[in-house]
Amino acid sequence: MILRCTLWIVVLFTTLAVDSHAAPPSKLALQGGRIIPVCGPEIPKGTVLIEDGTITAIGETVKIPYDATVIDVSEKVLFPGMISPHASQGLDRPNENLPVTPYLDVYDAIDPSSLFFEDALRDGVLAVHVIQGNNCVLGGLSRLVRPIGRTPDEMTIRPSLALKLSASPKSGSDRMQQMAAFRETFLELAFYLENLAEKRYEEELAKEKKEIDVGPEEARKRGAPLIRKEDLDDRHRNLVQLTEGQLDAWIYCDAATDVGPAINLAKEHGFLDRSIFVLGTEAYRAVQELKKADRPVVLPPDLVHRERDPITGELSETFIPEVIHEAGLLFALQPNPDSSLAERYLNYQAARCVRHGIPRQKALESITLNPARMLGMEDRLGSLEVGKAGYVVVLSGDPLDFNTWVEKAYVDGILAYDRTKDVRLKELLDLEEKSAEKEKQKEQENVESATQEEKQKESPAETKTDEKTGKEGEQDSEEGQKNEEEERDDK
Amino acid sequence: MIGIRGRQIHSFHHGNRQAFWLITSLLGLLLTMPPLARADVPEKLAFRVGKVVTMDDEDRVLNNAIVLVCGGKIEKIGTIKDLPIPDGYTLIDRPDHWLVPGLVEAHDHAVGSSSDLHDYVYLTNPGLRTTSALVPESENLKRARAGGVTTALMLPGSGNNLSGFGTLTKLAGDTVDKMLIRAPGCVKIAQAGNPERYWYGVSRCFMYYNLRQTLQKALAYHQKWERYEAGETAEKPEFDLFWDDFRAVFRRDIIALVHTQWYQVVMSSVDMLAKKLHMRIVLGHATFEAYKTAPLVIEQQDIYTCNGPRQIHFDQHQRKIMGNAARWWQGGVRKLGINTDAPVVPQEELPFQAAMACHYGWHPYPALRGITRIAAETLMLEDRVGSIVVGRDADLGLWTGDPIDPRSACELTVINGQIVYDAAKKREF
């Protein structure tokens with residue numbers, strides 16, 4: 001409740017900051033922490049200055065304005081807000097039902113009250129790319145949001161970012177049907193645009209009170225440049241934006257066999273250079289094709305692909321990021337927020353990469369800078385550097401250490417999370433405190449007993465009597481118990 | 001709330017309904033003829049009661065007071081000392097009773113037979129009106145009157161995103177015309193819940209898109225006519241029955257009653273319908289954790305919240321029981337009323353719903369105001385009903401005590417100055 005309240009207050013604050021003069025502290029200095037900027041070398045002890053939501057200075061010595069709010073983060077680690085590159089969570093439920101829906105927008109389904117966003121803050125994920133439709137043909141528009149705000153509008157970092165396409169068959173469908181659905185969609189688009197071009201040409205002639213003077217083919221040619229944005233209906237507008245360059249394509253490939261058709265589709269309609277490939281566990285096998293296409297990939301939450309040899313029965317495991325990294329592809333890691341396993345943490349995913357020999361820098365980039373690049377947000381997100389937005393997590397330790405907690409999270413320079421006020425972590429924190437107290441008590445007891453022992457050494461006579469009486473007492477009680485048991489047996 | 005899976009394909013015109021219309025209109029004609037119209041002559045009534053809760057602008061409560069009713073309207077209000085009862089008035093002398101405004105229901109589906117609610121045909125069904133399904137003097141209406149309810153908004157169902165237009169009625173009159181206050185009285189929208197079961201299950205993502213498309217088409221039609229009427233264009237738009245009722249919605253002459261629950265849905269209602277399409281919306285139900293949208297609701301200023309019938313919410317995350325109305329109130333929402341969603345909760349139990357809201361933490365006076373004055377404002381009828389004010393409709397309930405107290409009984413109900421229920425003659429329950 002308190003967390004919720006603080007969240008709402010924070011969130012309320014945010015909106016006020018947008019609309020009115022009651023702005024949050026516009027200058028914020030996070031002072032004395034170890035800074036991992038990701039874009040450059042670490043700063044063992046430094047300061048990050050955020051003014052009006054943007055990082056304005058960073059370094060060992062930063063001149064802090066007299067009116068800045070100074071937060072002491074010594075002993076802590078400053079890390080860029082992590083980015084979840086591909087999430088179908090945070091929606092009331094994703095549309096995985098209607099197959100061809102280029103007109104849909106996750107905007108209509110984003111639920112700001114969803115626990116998913118609260119968890120994102122807790123886990124240090126400060127930007128979430130909400131995108132649906134792995135189980136569609138064309139799943140609609142995605143949106144990049146921050147996990148604070150009362151409405152999708154307030155949460156939005158970037159709207160209408162990409163269209164989702166799925167090269168893998170929708171459940172109940174097969175690969176031929178899936179590709180046929182794409183052909184039909186794009187053929188219908190071409191047909192629609194031809195008709196529209198003809199109509200526009202006629203309209204323009206009608207303004208000059210002229211009758212149509214050329215054949216249909218020529219009319220289409222002349223009419224095509226006359227098509228305005230407002231002439232397009234919802235269904236076709238987004239498709240035109242996809243083919244003409246205003247929208248990116250995020251293409252889901254569940255299996256390796258889907259990668260080829262996906263690349264061809266993107267090539268054919270001119271959006272390969274704006275395509276990101278979202279891979280299922282088995283899809284890494286198409287690494288050579290992906291390498292040739294040289295496009296970024298989003299890896300599945302399950303980073304290990306397991307398969308059994310059909311003849312020998314031998315189990316082999318492949319660590320997917322290793323293969324992708326060796327191929328030199330830009331990749332981003334996905335968490336699995338629905339999992340109760342450690343895969344739910346992006347920093348854990350990155351730590352696993354290090355375990356498998358991927359350089360630490362590359363692993364860190366795959367949860368910060370790389371997704372920012374894929375989302376076209378590298379000028380604002382993904383690292384701690386001057387000019388970028390103030391998306392900062394204050395960690396208790398190294399981001400790849402399993403024992404690390406998110407202490408605080410700043411979104412656009414706004415304090416959005418504070419672990420000491422997280423009631424959902426209260427039990428755990430209490431436990432920590434209690435065990436710490438116990439340890440202290442134990443230590444004290446040890447110290448006391450040690451001093452007692454010392455005292456006892458000084459006066460040996462007293463201890464002897466103590467020991468005697470103690471032992472005697474124990475013997476008494478043991479005997480008593482024995483007697484009772486015997487009595488019971490008798491009865 | 002109500003969503004009855006009835007006929008999948010519904011024909012608009014039934015033979016028997018046409019016959020019904022013929023008969024009712026004939027009856028209507030007969031009844032308006034002078035010799036038979038005696039029953040319509042409003043009585044002159046004088047109430048001498050222990051307490052009059054006026055629900056007027058000053059929240060006046062008069063003790064030991066007199067209310068005179070004449071010509072179907074409230075004629076005079078005063079204390080026993082100051083206001084003498086003139087000759088020719090039937091005196092109703094109940095010195096220990098309360099006189100309160102007739103209760104107002106802003107969410108009623110007990111319009112006729114349940115299969116007439118027209119659910120599950122298309123996701124948006126403009127062009128339908130509950131006026132076509134209204135059955136005068138039905139058992140539902142009689143029972144409502146016995147509970148002191150005098151005005152209701154009769155709604156189509158909530159099985160689709162836009163199920164048509166509702167009707168504002170008095171709960172008395174033997175013909176539809178006599179009952180009618182305003183038709184259409186609202187457009188009915190349902191944003192989630194029941195309509196999600198349409199087809200093989202559609203997501204809110206598609207439903208909101210579809211609803212927005214429908215409303216934008218309606219708005220485009222309205223704007224076309226507005227331009228023509230303002231003389232901006234000489235080209236007269238084509239009349240379209242399908243879209244024409246929406247003109248009143250976009251002129252804000254009638255409300256949009258929205259079946260909406262949960263945070264995300266109420267947030268969308270506020271954002272899409274009130275903020276972006278400038279409709280005058282009423283949040284119907286507004287249950288579960290919807291109360292968390294209170295800051296968004298208040299921002300829009302003219303949104304009314306009509307809470308219920310579910311009065312409690314168990315918050316799974318916080319593991320707490322929440323009173324819905326109490327939480328809305330706590331969030332600063334003052335345009336707050338209560339509904340029954342009749343026949344989900346029987347119409348006569350409207351005050352009991354308000355009592356339940358109080359049981360879960362709301363306050364009795366705002367609760368009573370929530371089913372009288374606020375409900376009238378919700379329906380844009382505050383100039384006629386929902387308060388005991390000179391010149392307004394004489395719609396009254398005579399109660400043995402506070403209607404919010406479940407021990408109180410309604411003894412007498414008056415609609416348009418006529419006694420339509422008298423417990424002394426036949427007590428309903």
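**Entry 1: helix 10 of chain B**

I began with helix 10 of chain B, residues 350-359, and found it mostly covered, with seven of its 10 residues buried. Buried here means under 20% relative accessible area, exposed means over 50%, and partly exposed lies in between (1.4 Å probe, protein chains only). Helices (H or I, at least four residues) and strands (E, at least two) are DSSP runs, numbered from the N terminus. I noted that this is a predicted model, in which local features need pLDDT of at least 70 and side-chain atom pairs count only at pLDDT 80 or more, while totals for chains, interfaces and linings use all residues. Residues are numbered from 1 along each chain as its sequence is written, chains are lettered from A and ligands numbered from 1 in the order in which they are written, and side-chain values use heavy atoms, with hydrogens and water left out.

The buried set in helix 10 of chain B is Leu350(B), Pro351(B), Gln353(B), Ala354(B), Ala355(B), Ala357(B) and Cys358(B). I then asked what covers the buried residues of helix 10 of chain B. The cover includes helix 9 (324-330) and helix 11 (364-370), along with strand 5 (103-108), strand 6 (149-154), strand 14 (336-338) and strand 15 (396-399), in chain B. After helix 10 of chain B comes Gly361(B), with a positive phi near 110°.

**Entry 2: Asn307(B)**

Next I went to Asn307(B), which sits in strand 11 (residues 304-307) of chain B. Is Asn307(B) buried or exposed? Asn307(B) counts as buried because its relative accessibility is 0%.

I checked its side chain for polar contacts, meaning pairs of N or O atoms within 3.5 Å; within protein, one must be able to donate a hydrogen and the other to accept it, and residues adjacent in sequence count only if both atoms are side-chain atoms. The side chain of Asn307(B) reaches the backbone oxygen of Ala286(B) at 3.4 Å and the backbone nitrogen of Ala325(B) at 3.2 Å. For contacts I used heavy atoms within 4.5 Å. Beyond four places in sequence, the contacts of Asn307(B) include His285(B), Thr287(B), Asn324(B), Trp328(B), Leu336(B) and Ile338(B).

**Entry 3: Glu43(B)**

I found Glu43(B) in the loop between helix 1 (15-32) and strand 1 (45-53) of chain B. Glu43(B) counts as partly exposed because its relative accessibility is 31%. Its C-alpha atom is 7.9 Å from that of Thr90(B), 47 residues apart along the chain. Neighbours within four places aside, Glu43(B) is in contact with Val69(B), Cys70(B), Gly71(B), Gly417(B), Gln418(B) and Ile419(B).

**Entry 4: a cavity in chain A**

On a 1 Å grid over the protein atoms alone, a cavity is a set of points where a 1.4 Å probe fits but cannot get out, and lining residues have an atom within 4 Å of a point. A volume is the space filled by probe spheres set on the points, which are joined across faces, edges and corners. Searching the whole structure gave three cavities of 30 Å³ or more.

I picked the second largest cavity, with a volume of about 100 Å³. Its lining consists of Ser84(A), Phe116(A), Asp119(A), Ala120(A), Asp123(A), Val125(A), Val128(A), Pro335(A), Pro337(A) and Arg344(A). Helix 2 (115-122) and strand 7 (125-130) of chain A are the elements that give two or more residues to this lining, and helix 2 of chain A gives the most, with three.

**Entry 5: helix 2 of chain A**

That sent me to helix 2 of chain A, also mostly covered, with six of its eight residues buried. They are Phe116(A), Phe117(A), Glu118(A), Ala120(A), Leu121(A) and Arg122(A). At the start of helix 2 of chain A, a side-chain oxygen of Ser114(A) reaches to within 3.1 Å of the backbone nitrogen of Phe116(A). Gly124(A) follows helix 2 of chain A, and its phi is positive, near 80°.

**Entry 6: both chains**

Chain A has 14 helices and 20 strands, and 49% of its 491 residues are buried. Chain B has 12 helices and 17 strands, and 59% of its 429 residues are buried.

Methods
1 Å grid on protein atoms, 1.4 Å probe; cavity = no way out; pocket = protein on both sides within 12 Å on 5 of 7 lines; lining within 4 Å.
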